[in-house]
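Here are my notes on this one, written as numbered points. Have the model open while you read, and click along as the residues come up.

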Amino acid sequence: MASTRTSTKMFYLGFLPLVLASVLCFAACTESAPGPSSNRHAQSRPAANSDVDSWCIAKPSTEEKYLRNNIEFGCTQLGVDCSPIARDGSCFYPNTTYAHASVVMNLHYRAAGKHAWDCYFNGTGLTTTSDPSVGDCIYEL
């Protein structure tokens with residue numbers, strides 16, 4: 001009977017690290033991303049990187065189909081005006097999908113509050129502290 005209790009205790013103790021890791025992961029994930037009922041566009045807290053200038057751009061290695069998805073998504077978001085990438089817009093040139101996606105991604109990043117998750121774009125976004133503006137295309141902070 002004592003060996004059964006010992007083996008049962010050992011069985012449960014084997015799961016303890018897994019349970020602790022799950023709890024810690026859940027706590028970290030829920031703290032670092034907005035909840036489903038949060039309104040990211042109307043937050044009163046300061047931006048996450050308010051003391052450092054930052055922009056959101058597309059990762060250079062991103063496939064074109066994902067860049068197009070980012071443009072499509074970003075242009076449908078509240079506070080994002082995609083007119084700069086239109087044919088007569090200030091950011092039409094350079095006329096590449098990468099450049100247009102970077103402009104839209106940064107517009108979304110700004111409108112949503114400049115939090116790390118606002119530049120995620122399914123792993124295709126990248127925050128930078130180097131101003132990505134080119135010629136007449138100015139990436140606003």
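1. Some ground rules. A disulfide here is a pair of cysteine sulfur atoms within 2.5 Å. This is a predicted model, in which local features need pLDDT of at least 70 and side-chain atom pairs count only at pLDDT 80 or more, while totals for chains, interfaces and linings use all residues. Residues are numbered from 1 along each chain as its sequence is written, and side-chain values use heavy atoms, with hydrogens and water left out.

2. The disulfide count. How many disulfides does that rule give? The count comes to three. If you number the bonded cysteines in sequence order, the pairing reads 1-5, 2-3, 4-6.

3. C75 and C82. These two cysteines are joined by a disulfide, S to S 1.9 Å. The torsion about their S-S bond is about -110 degrees, so this disulfide is left-handed. For burial I use relative accessible area: buried is under 20%, exposed is over 50%, and partly exposed is in between (1.4 Å probe, protein chains only). C75 is partly exposed at 31%, whereas C82 is buried at 17%.

4. C56 and C119. Here the sulfur atoms of the disulfide are 2.0 Å apart. With a torsion of about 85 degrees around the S-S bond, the C56 and C119 disulfide is right-handed. The pair links distant parts of the chain, 63 residues apart: C56 sits in strand 1, and C119 in the loop between helix 3 and strand 2 (125-128). (Helices, H or I with at least four residues, and strands, E with at least two, are DSSP runs numbered from the N terminus.) C56 is buried, with a relative accessible area of 0%, and C119 is buried as well, at 3%.

5. C91 and C137. A disulfide joins these two, with S to S 2.0 Å. The link is right-handed, with 95 degrees about the S-S bond. It connects distant parts of the chain, 46 residues apart: C91 belongs to the loop between helix 2 and helix 3, and C137 to the segment after strand 2. Both C91 and C137 are buried.

6. The nonpolar core. By this I mean a set of buried Ala, Val, Leu, Ile, Met, Phe, Trp, Tyr and Cys residues joined through side-chain atoms within 4.5 Å. The largest one has 20 residues, and those with the most contacts inside it are C56, I85, V103, M105 and Y139. Strand 1 (55-58), helix 2 and helix 3 (97-112) each give two or more residues to this core. Which element gives the largest share? Helix 3 does, with six residues.

7. M105 is in helix 3 and is buried, with a relative accessible area of 0%. Contact means heavy atoms within 4.5 Å. Leaving aside neighbours within four places in sequence, M105 is in contact with C56, I57, A58, N70, F121, T124 and G125. The C-alpha atoms of M105 and I57 are separated by 6.1 Å, although the two are 48 residues apart along the chain.

8. Y139. With neighbours within four places in sequence left out again, the contacts of Y139 include W55, I57, V103 and N106, along with D131, P132 and S133.

9. Helix 2 and N70. The buried residues of helix 2 are L67, N70, I71 and G74. Seen down the helix 2 axis, they fall within an arc of 100 degrees (taken from the directions from the axis to the C-beta atoms), so they line one face of the helix. Their cover includes strand 1 and helix 3. N70 is found in helix 2 (residues 64-74) and counts as buried at 7% relative accessibility. Not counting residues up to four places away in sequence, N70 touches V104, M105, F121 and T124.

10. Aromatic pairs. Rings of Phe, Tyr and Trp (its six-membered ring) pair if their centres lie within 6.5 Å; planes under 30 degrees apart are stacked, over 60 edge-to-face, and the rest tilted. A search of the whole structure finds two pairs. F73 and F121 are edge-to-face, 6.1 Å centre to centre with 80 degrees between the planes. F73 lies in helix 2 and F121 in the loop between helix 3 and strand 2, so the pair ties together parts 48 residues apart in sequence. F73 is partly exposed at 38%, and F121 is buried at 9%. F92 and Y93 are also edge-to-face: 4.9 Å centre to centre, 85 degrees between the planes.
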